[in-house]
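Please look over the model shown here. A short report on selected features comes after it.

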Amino acid sequence: MRPVDQTPTEPSDYATLSLAYGSLMAVLAASARDREPIASHELLPLSAATFALSKLIVREKAETWIRRPFVEEAADEARPRGRGLRYAIGELLTCTRCTGAWSALTLVGLRLHAPRTGRTVTAVLAASAGNDLLQAGFSWLCARATTQQHEAEAGPSAGRRAA
């Protein structure tokens, strides 16, 4: 990420985002005082759900409509649009880790204020994250098998000729 003086933003643009996030967190914390706490065994599924939600928002084609006002997307490249707060939001929406903080706040708020709905949404998103993990593992195994097959077809003499 580039320093503020190398972007079309002011420190106040980032302060606005920080103030919004901090305010939402304070409201959530204050409103959660009399609610059922989140059990420690729910943190891993919430983490997986946060990952899946932030990836969905930042990377998936289906959510382009959310990013479009703030992010210019070209072939395999996403850059923030505009100036000031619009640019700062664009930076947020191109960073899965950054969007993840907001996603976590949203999912925890949902879990605290609508526990059954929160658990359902968390389960769906956590299953999606599990699917991503399995797909990545399957792709890796297929690529590895293909490489081994090519090496076997080339035979041991191919390795000596290259050396």
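## Basis

This is a predicted model. Residue numbers start from 1 along each chain.

## Disulfide

How many disulfides does the structure hold? The count is one. Cys95 is joined to Cys98, with an S to S distance of 2.4 Å. That pair passes as a disulfide because the cut-off is a pair of cysteine sulfur atoms within 2.5 Å.

The angle about the S-S bond is 70°, and the link of Cys95 and Cys98 is right-handed. Are the two cysteines buried or exposed? Cys95 and Cys98 are both buried.

Another cysteine, Cys142, has 36% relative accessibility and therefore counts as partly exposed. The partly exposed class lies between the buried limit of 20% and the exposed limit of 50%.

## Helices α2 and α5

Helix α2 spans residues 43-59, and helix α5 spans residues 96-113. Their axes come within 8 Å. They cross at roughly 125°, so α2 is oblique to α5. The crossing of α2 past α5 is right-handed.

Which residues meet in this pair? From α2 come Leu46, Ala49, Thr50, Leu53, Ser54, Lys55, Ile57, Val58 and Arg59. From α5 come Thr96, Thr99, Gly100, Ser103, Ala104, Leu107 and Val108. By class, the residues of the contact of α2 with α5 are eight nonpolar, six polar and two charged.

An α-helix has 3.6 residues a turn, so residues three or four places apart point the same way.

## Helix α4

Helix α4 covers residues 84-92 and is mostly covered. Seven of its nine residues are buried. In α4 these are Gly84, Tyr87, Ala88, Ile89, Gly90, Glu91 and Leu92.

What do the buried residues of α4 pack against? Their partners are α1, β1 (71-74), β2 (77-80) and α5.

## Pro37

Where is Pro37 placed? Pro37 sits in the loop between α1 (11-31) and α2. Its relative accessibility is 64%, so Pro37 counts as exposed.

Pro37 and Pro115 are 78 residues apart along the chain. Their C-alpha atoms are separated by 10.0 Å.

How values were computed: Predicted model: local features only at pLDDT ≥ 70, side-chain atom pairs only at ≥ 80, totals over all residues. Heavy atoms only, no water. Buried < 20%, exposed > 50% of the residue type's maximum accessible area, 1.4 Å probe, protein only. Axes fitted to C-alpha atoms, helices over the stretch in contact; angles between N-to-C directions. Helix = DSSP H or I, 4+ residues; strand = E, 2+ residues; numbered from the N terminus. Parallel < 35°, antiparallel > 145°, perpendicular 65-115°, else oblique. Left-handed = near helix turned anticlockwise from the far one by under 90°. Contact = heavy atoms within 4.5 Å. Nonpolar A, V, L, I, M, F, W, Y, C, P; charged D, E, K, R; others polar.
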